[in-house]
Amino acid sequence: METETQTTTEQMTNSDLSEQIKEVTKESHVRAENTELMLSFQRGQVTMPQHKLLLCSLYEVYKVLEEEMDRNSHHPCVAPIYFPAELARLGTLEKDLEYFNGQDWREKVVVPAATKRYCHRLRQIGKENPEFLVAHAYTRYLGDLSGGQVLGRIAQKSMGLKGSEGLSFFAFPGVSSPNRFKQLYRSRMNSVELTEEERNGVLEEAVRAFELNIQVFDDLQKMLLSVPENKLQTLSTHTTPAKMLQIPRAIVQSSALLRTLLGLFVALATVSIGIYAF
Ligand code: HEM
C-alpha cells in the first residue's frame, strides 16, 4: 500500500474530481458548519449528552460506510481511496462509546430517523452504485481530518475530559500529517476513472452526503431538546423514531407549565421584596 510520504505533488486542475467536489459542496459545508449542533462545538459549549448522541449516530453511519467500503474494496472506483489502516473510525467509535456508556453501550445506542435514512442510502449505493462511495468517504473522512481535528480539542475542553480518554474518534494515529494525507487522498480521488455521467452522479452524491449529515445533526438537536438524558439512555436502536418523540412531548409540555409557574413565582417574589424594601 502506498504511504503518505509518496504523496504526489502534481498541480490540481479545475477538472479534477477533488476540486469539483469541493466546489459543489462549498455551500453545503457552510450549512453543515452552521447547524445548531456544530455551532455548539465551535462555541465550546458541547455537552456530554450532545456528544454521546452524536457518537451513537456516527457509530451507525461508519458501521455501514466501512462495511460497504470493505465489501467493495476491489472495485476500481473504491480501491484508490480505500485506506482502512489510516482512516477506519468504527473501532474508535466503539472505544469511545464504551468509555462514555459502559460495557453494555450497545444496548444504549439511540439514533434518530435521519441516521437510519443515511445508513439506508449507504447500503443502497454500496449495492447499486459503488462508485458513489467516493462521495461519502470524502465527505466524512476528509471532514474528520479537517475541521474534525479542531472539534476534538474543543470537545475535550468543553466536557472536561482528561488526556485523550473518550476522544479516540478524533485521533488518527496512522496519519502523521493530516494535510499531507489529504493531498494524497485528493490525488487518489483524481485518479479514479469515471464516465461523465458517473462523475456527475458522484458530485450529486457528495451534496446529498452533506445533506444527510445536516439532517442527522438537526434530528439529534431535536432529540436533545425533547428527551431527558435518563430517557435517552434507556432507548435502544430499535426504538422507532415516532416512539422516541412521543415520550418527550408530554414531558416538554409539563416542564413548560412548570417553567411558567416558576416564572410567576419569581416575579411575585421580586415585587414583594420591592414593596417590602420600599
Ligand atoms: C464545526 C463544524 C466544521 C468546521 C469548523 C469545519 C472546518 C473545516 C475546515 C477548516 C476545513 C479545511 C478547509 C480547507 O482545507 O480548505 C474543512 C474541510 C472539510 N470539511 Fe469541514 N468543518 C466543519 C464541519 C464539517 C462537516 C459537518 C462536514 C461533513 C459532514 C465537513 C466536511 C469537510 C470536508 C469534506 C472537507 C474537505 C474539503 C476539501 O478539501 O475538499 N465539515 N472543514
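Tutor: One term before we start: two residues are in contact if their C-beta atoms, placed from the backbone, lie within 7 Å. This is a predicted model, where local features need pLDDT of at least 70, side-chain atom pairs count only at pLDDT 80 or more, and totals for chains, interfaces and linings use all residues. Residues are numbered from 1 along each chain as its sequence is written.

Student: Great. Which residues of α8 meet α10?
Tutor: Val134, Tyr138, Leu142 and Leu145 in α8 meet Pro178, Phe181, Lys182, Tyr185 and Met189 in α10. Helices here are DSSP runs (H or I, at least four residues), numbered from the N terminus.

Student: And what classes of residue make up that contact of α8 with α10?
Tutor: Eight nonpolar, no polar and one charged. Ala, Val, Leu, Ile, Met, Phe, Trp, Tyr, Cys and Pro count as nonpolar, Asp, Glu, Lys and Arg as charged, and the others, Gly among them, as polar.

Student: At what angle do the axes of α8 and α10 cross?
Tutor: Roughly 170 degrees, and the axes of α8 and α10 (residues 178-191) come within 11 Å. That makes α8 roughly antiparallel to α10. Angles under 35 degrees count as roughly parallel, over 145 as roughly antiparallel, 65 to 115 as roughly perpendicular and the rest as oblique. Axes are lines fitted to C-alpha atoms, for helices over the stretch in contact, with angles from 0 to 180 degrees between N-to-C directions.

Student: OK, on to α11. How far apart are the axes of α8 and α11?
Tutor: They are 8 Å apart, with α8 (residues 133-145) and α11 (residues 196-226) packing at an angle of about 45 degrees. That makes α8 oblique to α11.

Student: Which α8 residues meet α11?
Tutor: Val134, Ala135, His136, Tyr138 and Thr139, and on the α11 side Val202, Glu205, Ala206, Ala209, Phe210 and Asn213. By class, the contact of α8 with α11 has seven nonpolar, three polar and one charged residues.

Student: New topic: which residues does UniProt list for "binding site"?
Tutor: The unreviewed entry lists Lys22, His29, Tyr138 and Arg186. UniProt annotations may be inferred rather than shown by experiment; positions are in the numbering used here and feature names are shortened.

Student: Is Tyr138 buried or exposed?
Tutor: Tyr138 counts as buried, because it has 23 C-beta neighbours inside 10 Å. The cut-offs are 20 or more other C-beta atoms within 10 Å for buried, 12 or fewer for exposed, and partly exposed in between.

Student: And Lys22, where is that?
Tutor: Lys22 is in helix α1 (residues 17-24). With 16 C-beta neighbours inside 10 Å, Lys22 counts as partly exposed.

Technical notes
Helices (H or I, at least four residues) and strands (E, at least two) are DSSP runs, numbered from the N terminus.
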